[in-house]
Amino acid sequence: MHLARPSIALSCSLLALFFTMWILVPAPLTVIWLVSVISSEWSLFFGLLALIGIVLGWLANRKQRSRAGTFAAACGMLAMVFMSYPLVTSLSVADNNDVSLSLKRYVLGSAYEKAAIQSYSYTATATDTFFLDAYQPNDVSSHVPKPAIVVIHGGGWSSGTRSDFPRWNHWLVESGYVVFDIDYQLAPQPNWQAATANVQDAVKWIKAHADSFNVNPNSIALMGRSAGAHLALLAGYTARPEAPYDARVAAIVGFYGPTDLRWGYENPANRRVIDGKATLRSFTGGTPNYIPEIYQQASPIHQIRSDAPATFLVHGRQDQLVRSQHTAKLYRRLQLRSREPATHQALFLPYAQHGFDYNFNGWGSQITQALLTTHLQQALTPRVSRAAPAP
């Protein structure tokens, strides 16, 4: 047993170090970026693995004077340093925002009730039909119209599927919202106009069918991730009055989305993980030097009006697909141009990677949910209270 202990210790420590180092070290490959998301969101579990390596290495060194044991302990301690970064920074952000973090929930998860889901087609072209998944509460006894959240998936504007984060949708229903998770046009590209129009068509369809879903048409929010966040912001900021139903919304929620496409083209994120320039060329139809007007029209930061919907933005500082400066730049512009700057909020998570919210119970998700709950209540609930009861 003593002979096996140094090798076991070294294996545990090296494995923990391999995973945790990518919390802070830029990924050299896309697959390593995926590892970085896992390691940053479940860092405590890798810390436990490192602790095993440290203890076994210390015992091996104490009994056998093993160099392997010493090295294992050193690697384990370095892994513990990397592992601690998500927790330490999250505690600081949580404290600054008066949010309580739950270790029990982080480790064991959280129970939830699944909402009723049904799919509907909301718009069609000559070649495609686009669908949405409607998540509704199982108890439909209340006649008071509810606010609605329209969810737009990510995927670089060319991939992804609706309802790719179902746990978040069920949570939103538990929180009192009706959720509509939508398709939009992914191909052929360039598709920036078509995809934006799809989001606005979904809002119009929901307003036209508001009575059927017991939804207050004046209390609708758009919520998107990555490319979906871009579309949510662009669709929400460019919506205009229109009869009989328009696409204007009361609030927008954007998770780690690009907001200034020209700046993003000139300042790409980790090019070993994603070819951001190629993605933008496909989406818009060219380079910013060739079609500068398109890059401006397709950038939410250039579409902000003084009456912009209440906007909640969240971004991880370690994001390797979309730089967090996109959110910082948009938030500053909202503060300058909005008639009500206090209605807009930006949350930055120092440790978080792109897609951090895949872990619904992670530190970043817990903080985001607490602040998002307050934001949506302030942006949508007052409109519910003024709405007339459904017949």
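Select Tyr256 to begin: at 3% relative accessibility it counts as buried, where buried means under 20% relative accessible area, exposed over 50% and partly exposed in between, with a 1.4 Å probe and protein chains only. Tyr256 has a positive phi of about 40° although it is not a glycine, and it is found in the loop between β6 and α10 (261-266); helices (H or I, at least four residues) and strands (E, at least two) are DSSP runs, numbered from the N terminus. This is a predicted model, in which local features need pLDDT of at least 70 and side-chain atom pairs count only at pLDDT 80 or more, while totals for chains, interfaces and linings use all residues. Residues are numbered from 1 along each chain as its sequence is written, and side-chain values use heavy atoms, with hydrogens and water left out.

Next, select Asn214, whose phi is near 55°, again a positive value in a residue other than glycine. Asn214 sits in the loop between α8 (210-213) and β5 (215-225) and is buried, with a relative accessible area of 18%.

Two cis peptide bonds can be visited in turn. The bond from Ala187 to Pro188 is cis, with omega near -5°, and Pro188 is in the loop between β4 (178-182) and α7 (192-208). The bond from Ala243 to Pro244 is cis as well, with omega near -5°, and Pro244 is in the loop between α9 (227-238) and β6 (251-255).

Stay with the loop between β4 and α7 and select Asp183, which lies in that loop. The side chains of Asp183 and Arg162 meet in a salt bridge (2.9 Å, N to O), a term for a side-chain nitrogen of Lys or Arg within 4 Å of a carboxyl oxygen of Asp or Glu. Arg162 lies in the loop between β3 (146-152) and α6 (166-174), so the pair ties together parts that are 21 residues apart in sequence. Arg162 counts as partly exposed at 23% relative accessibility, whereas Asp183 counts as buried at 16%.

Lys329 is buried, and so is Asp260.

Finally, select Ser43, which lies in helix α3 (residues 43-64) and counts as buried at 0% relative accessibility. A polar atom of its side chain lies 3.5 Å from the backbone oxygen of Met83. Leaving aside neighbours within four places in sequence, Ser43 is in contact (heavy atoms within 4.5 Å) with Ile23, Met83, Pro86 and Tyr106.

Methods: Polar contact = N/O pair within 3.5 Å; in protein donor to acceptor, adjacent residues only side chain to side chain.
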